[in-house]
Amino acid sequence: MAENKLAQKQTGLVAVTEEGLCTRPVERPAITEHEVEQLQRANASNLQPIVFVHGLWLLPSSWDRWATLFEEAGYTALSPGWPDDPETVEEANANPEILAHKTIGQVAEHCEQIICRLNRKPAIIGHSFGGLLVQILAGRGLSAATVAIDPAPFRGVLPLPLSSLKSAWPVLGNPANRNRAIPLTFDQFRFGFANAVSEEEARTLYDTYAVPASGAPLFQAATANLNPWTEAKVDTDNPQRGPLLIISGEKDNTVPWAIANASFQREERNADVTEIMEIPNRGHSLTIDSGWREVAETALRFVRRFV
């Protein structure tokens with residue numbers, strides 16, 4: 001894809017002008033210059049692209065070590081943000097309001113716009129709500145292979161363990177939070193993310209990675225089974241979905257095995273490869289804590305089988 005056709009700069013953002021892999025009409029949210037640079041680099045490399053999608057309370061930088069690992073293995077990595085994601089944790093914590101109002105549908109469309117501009121269909125890897133988003137994208141036929149790590153539930157996934165409800169309660173406990181960006185206290189982060197690591201490591205993770213998160217996706221997921229028009233839905237039947245692996249952390253309080261396995265049972269109806277794996281003694285922070293490499297190498301082995 002020629003560089004001069006990829007993007008037009010507009011006041012610090014980029015309006016994309018080519019369709020690339022996309023075939024269905026979608027909205028055209030602006031993408032950042034950093035995302036365009038990643039696209040240009042990926043397309044120029046002619047390597048298999050890997051797209052990483054983060055979840056709530058994290059930023060794209062949470063994937064930095066994963067991106068390095070996959071690039072050392074011969075892939076090219078992209079880690080797009082959610083719309084309006086700040087560049088740094090410090091900026092996000094100083095200006096939480098810019099993270100508010102982001103819905104599942106908006107983020108899915110943004111990620112699709114990134115994928116549309118690639119010359120090759122990518123493998124996609126997501127964590128938590130990013131795990132839901134990559135299943136949505138795979139259900140649109142946009143993935144060569146998908147890894148969903150501790151994925152948030154979608155319509156049709158019924159279990160709601162008490163630990164999951166407790167993890168979400170800092171947001172769901174106040175209906176007004178739907179239109180806000182909500183930070184976690186350290187104790188809330190400790191329970192929802194970092195329960196399987198030491199308190200010292202939990203504090204380091206909190207200081208390094210935690211940012212406020214849009215409340216809207218949690219309310220969407222919580223009401224998905226009551227709303228036929230919800231954005232929290234996945235086309236599990238699409239024959240173009242591609243291979244899918246769901247990874248579950250054994251000690252995850254936010255997305256326990258019951259939710260991950262229920263998602264797997266819905267996805268298993270697809271004709272393509274669908275697998276699930278539980279990693280022992282790991283919590284929801286499994287992509288960013290000191291054991292991240294084990295999870296990343298598990299995802300890498302799966303991706304290597306298919307792309």
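This note describes aromatic pairs, and charged residues placed over rings, in a predicted model.

1. Aromatic pairs in total. The structure contains 10 aromatic pairs.

2. Trp57 and Phe193. The ring centres of Trp57 and Phe193 are 6.4 Å apart, and their planes stand at 90 degrees, so this pair is classed as edge-to-face. Trp57 belongs to the loop between strand S4 (49–53) and helix H3 (64–72). Phe193 belongs to the loop between helix H8 (186–192) and helix H9 (199–209). The pair therefore ties together parts that are 136 residues apart in sequence. Trp57 and Phe193 are both buried.

3. Trp63 and Trp66. A further edge-to-face pair is formed by Trp63 and Trp66, with 5.0 Å from centre to centre and 90 degrees between the planes. Trp63 has a relative accessible area of 2% and is therefore buried. Trp66, with a relative accessible area of 0%, is likewise buried.

4. The aromatic cluster. Trp63 and Trp66 also belong to one aromatic cluster, together with Phe52, Phe70 and Tyr75.

5. Lys166 over Phe191. Turning to charged residues, Lys166 is placed over the face of Phe191, and the distance to the ring centre is 4.3 Å.

6. Arg203 over Phe186. The face of Phe186 has Arg203 lying over it, at 3.9 Å from the ring centre.

Conventions: Residues numbered from 1 in each chain as written. Predicted model: local features only at pLDDT ≥ 70, side-chain atom pairs only at ≥ 80, totals over all residues. Heavy atoms only, no water. Phe/Tyr/Trp six-rings, centres within 6.5 Å; stacked < 30°, edge-to-face > 60°. Helix = DSSP H or I, 4+ residues; strand = E, 2+ residues; numbered from the N terminus. Buried < 20%, exposed > 50% of the residue type's maximum accessible area, 1.4 Å probe, protein only. Lys NZ or Arg CZ within 6 Å of the ring centre and 35° of its normal.
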